Each structure stands twice: as C-alpha cells, then as structure tokens.
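Here are my notes for you, written as numbered points. Have the model open beside you and click through the residues as you read.

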Amino acid sequence: MIRNLLALLVGLLLSCDLSGCAVPRAPGGSCAPAARAGVDVVPVRVPWWTEVGDPLLARLVDSALAHDANLQRQAAAWTQARARSMQWTQRFHAWLGGLLGYPSQDLGALARRLADARRLKAEQVALDYLRLRRRQALLVLRQQFQDQFRDNADIARWRREAGLASAVDGGLAASMLGVNASALDSARVKLSEAVARLARTCGISERDLGDLVDDGAGVPRLAPPPAGSLKPRDASAALRLAALTRVAAREASLREVELAARRNAADARAAYRLGTGDFAAVYAAEASALAARESGVEVRADAAQATVRLWAQVDREQAVRDAPRGAGSAPGAGAAAAECAHG
C-alpha cells in the first residue's frame, strides 16, 4: 500500500508542468492555486498623503516609509513568500497539503500586516509633522511678542528719561521680557525635540529637515477626504466629521477675536506713546492678542490632525473594500502589493 502511494506521488510529480501550473487546472484552463489567487488584482491606489495638499508632508511620509527597517523586513518577507508560492514545487506542496488537510502559508495575512503597518506609519509621521508645525508656529508668535514687547520697553525707558513715566513701567517691561524669554527657551527646546524625532523617522538629518520646514508655511490647511469616501451610517466617521466641523467653526469665530485683540493692542501702544494710556494696559492688550493668535494656531492644528485621522480611516476602509474575497483568495494581498509600489 505504501509502495502504491509512493508510485502515485512520483507519477504526480512527473506529470507536473515545470513551466506552468503544478496543480490541476480550472475548467477554463487557467491556473488557480490558492497561494496565487487574489495577488495583483487590485488597482494601485493613490496614497492619501499626496491628496491633502501639502507636498512636504507627502515627501516626509514617503521618506519615512522607505527608511523604516521593520517595513523593509516585512516587505522582503512578503516578496520572498510570494516568489516561493509561484514555484511549481511550492504549488504542488500547497495543493498536496490542502488534500491532506495541512495548513499552508497565508500570503494574505502577510500582506495585510504589511499594509496595516504602512498605514499606521504614514498616519504617525503625518501627526508628528503637524506637531512640529504647531510648535514652530507658536515659537514664531512668541518671538514676535518678545520683539514687540522689547520695543514697548524702549518706549517706557524713553518716557521715564523724559520724566513722563515712573520707573514702574520700565520694571514691569523688564520682568515681562524675562518671563517671555523663558517661555521662548522652552518653545525652542520642544521644537528641537520635534525636529529630531521626525528627522530620525524620515531618515534625514536634523539640519536638512530644519531647512525644509523653515519656509514660513506654518500649520497647513489640509484638504479633507472627498464626499462619499466614508461608509454611510458609520458612527466613528460621523463623529470625526462632526469634530472637524466644530473645529472649523471655532477657527472662524477666533479670526474675529484675533482681529479685535490686535486692534486693541495697537490702540493701547498708540495711547501709551501719546501719554494718554498706561503701560499695564499695553501689556494686557499685547498678551490678549498673543493668546488669541495662539488659540488660532491650536485650532488650525486640531483641524489638520482631525483631517489626517479622517484620511487614515478612509484608507483603512478602502483597503477592506478592495480586499479580494472568495474561495482560495488571499485577502489584502493585492492591496499590499499596490501599496508596496509606493514605498
């Protein structure tokens, strides 16, 4: 009986087509091995980070994906497994294992893990980039406040020398300059940390990244996903869209507050120069204008972060919809192969 079984196996091996399929053909004459089905059947999707309207963000995400050692290992493992699955011996073993009930390597699982890892990486890099832009914008505002207040301190000194103001004005100005200088130092440290973290992730030097972001762009306004890209009646998507709408409304209202605060600060400075106002009013008006502008930066950054998370959710749902289904398919393999083409 064993001899008959060995003879049967040898006969099957000899009957395999070395240049084509090593398993029985489908009725239509096409090769249909389990490990091959579902691969390369999904069209390549445009990466979401190229659709948000910030070329630098797209460049940094692509660089981070290309320099991630873990992603490279996963991509190599998937490529090797896919290449092995196309060899006639592996196809025969997979077919025979299926007949005998043995589990075979799941290319779809490898592809899904790779695609999920790439999506998580892209989302995290985008959020780190927005965190850097937020800190950069806040530092710029603090520096502008310091420059303006240094000018106010000079006015206070000149007025005291002319006998038009007491030493209290100069003392208050000096103390405010010192307090804001400490805040500036803290903001610079936080920005340096954000630059160092993102530079390591993207595989570029801190100096090069610093040159890239030193463009005066500030926190970007990212384009949201197109209408209809989210699943209907999706509770989580509805919550994210509602949050994005609320943030947009807050930003619109803050613009009026900021304009009013800046007008008040300008009026307070003019009044102090003319001797009809006091220095405390100048400081209060300047601080209010700074707070309003900082709130505007925070709201814009919140909107950008919410937009990134919404795009990431759309990408996840699109991958699920694109995954091949059916007997013998490898779900997600085609989507992962398509995504690997962008790495």
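The points below go from the whole chain to salt bridges, a helix pair, aromatic rings and one leucine.

1. Ground rules. This is a predicted model, in which local features need pLDDT of at least 70 and side-chain atom pairs count only at pLDDT 80 or more, while totals for chains, interfaces and linings use all residues. Residues are numbered from 1 along each chain as its sequence is written, and side-chain values use heavy atoms, with hydrogens and water left out.

2. The whole chain. How many helices and strands does the protein chain have? It has 10 helices and 0 strands (both are DSSP runs, H or I of at least four residues for helices and E of at least two for strands, numbered from the N terminus). Read along the sequence, that gives α-α-α-α-α-α-α-α-α-α. Of the chain's 343 residues, 41% count as buried (buried is under 20% relative accessible area, exposed is over 50%, and partly exposed is in between, using a 1.4 Å probe and protein chains only). Now take the contacts (heavy atoms within 4.5 Å) between residues at least 6 apart in sequence: 85% of these join residues at least 24 apart.

3. Side chains of opposite charge can pair when their charged atoms come close. The rule used here asks for a side-chain nitrogen of Lys or Arg within 4 Å of a carboxyl oxygen of Asp or Glu, and the count comes to 19 salt bridges. One of them joins Arg 142 and Glu 294, at 3.2 Å from N to O. Arg 142 sits in helix α5 (residues 107-161) and Glu 294 in helix α9 (residues 279-322), so this pair ties together parts that are 152 residues apart in sequence. Buried or partly exposed?

4. A bridge from α5 to α8. Asp 151 forms a salt bridge with Arg 273, and the closest N and O atoms are 3.2 Å apart. Since Asp 151 lies in helix α5 and Arg 273 in helix α8 (residues 235-274), the pair ties together parts 122 residues apart in sequence. Asp 151 is partly exposed, with a relative accessible area of 28%, and Arg 273 is partly exposed too, at 49%.

5. A bridge from α9 to α8. Arg 293 pairs with Glu 258 in a salt bridge whose closest N and O atoms are 3.7 Å apart. This links distant parts of the chain, with Arg 293 in helix α9 and Glu 258 in helix α8, 35 residues apart. Arg 293 counts as partly exposed at 24% relative accessibility, whereas Glu 258 is buried at 18%. Elsewhere, salt bridges that share partners join Asp 128, Arg 131 and Arg 197 into one network.

6. Two helices that cross. Two packed helices are described by the angle between their axes and the distance between the axes. The axes of helix α2 (residues 55-67) and helix α6 (residues 167-202) come within 7 Å and cross at roughly 55° (axes are lines fitted to C-alpha atoms, for helices over the stretch in contact, with angles from 0 to 180 degrees between N-to-C directions). That makes α2 oblique to α6 (under 35 degrees is roughly parallel, over 145 roughly antiparallel, 65 to 115 roughly perpendicular, and the rest oblique). Leu 60, Ser 63, Ala 64 and His 67 in α2 meet Leu 198, Thr 201 and Cys 202 in α6.

7. Aromatic rings. The whole structure holds 5 aromatic pairs (rings of Phe, Tyr and Trp, the last by its six-membered ring, with centres within 6.5 Å; planes under 30 degrees apart are stacked, over 60 edge-to-face, and the rest tilted). Trp 48 and Trp 49 pair edge-to-face, 5.6 Å centre to centre with 85° between the planes, and both are buried. The rings of Tyr 272 and Phe 279 have centres 5.4 Å apart and planes at 70°, so they are edge-to-face as well. Tyr 272 is buried at 3% relative accessible area, and Phe 279 is buried at 0%. Ring pairs link Phe 145, Phe 149, Tyr 272, Phe 279 and Tyr 283 into a cluster.

8. One leucine to finish. Leu 177 is found in helix α6 and counts as buried at 17% relative accessibility. Which residues does Leu 177 touch, not counting those up to four places away in sequence? They are Gln 146, Phe 149, Arg 150 and Ala 153.
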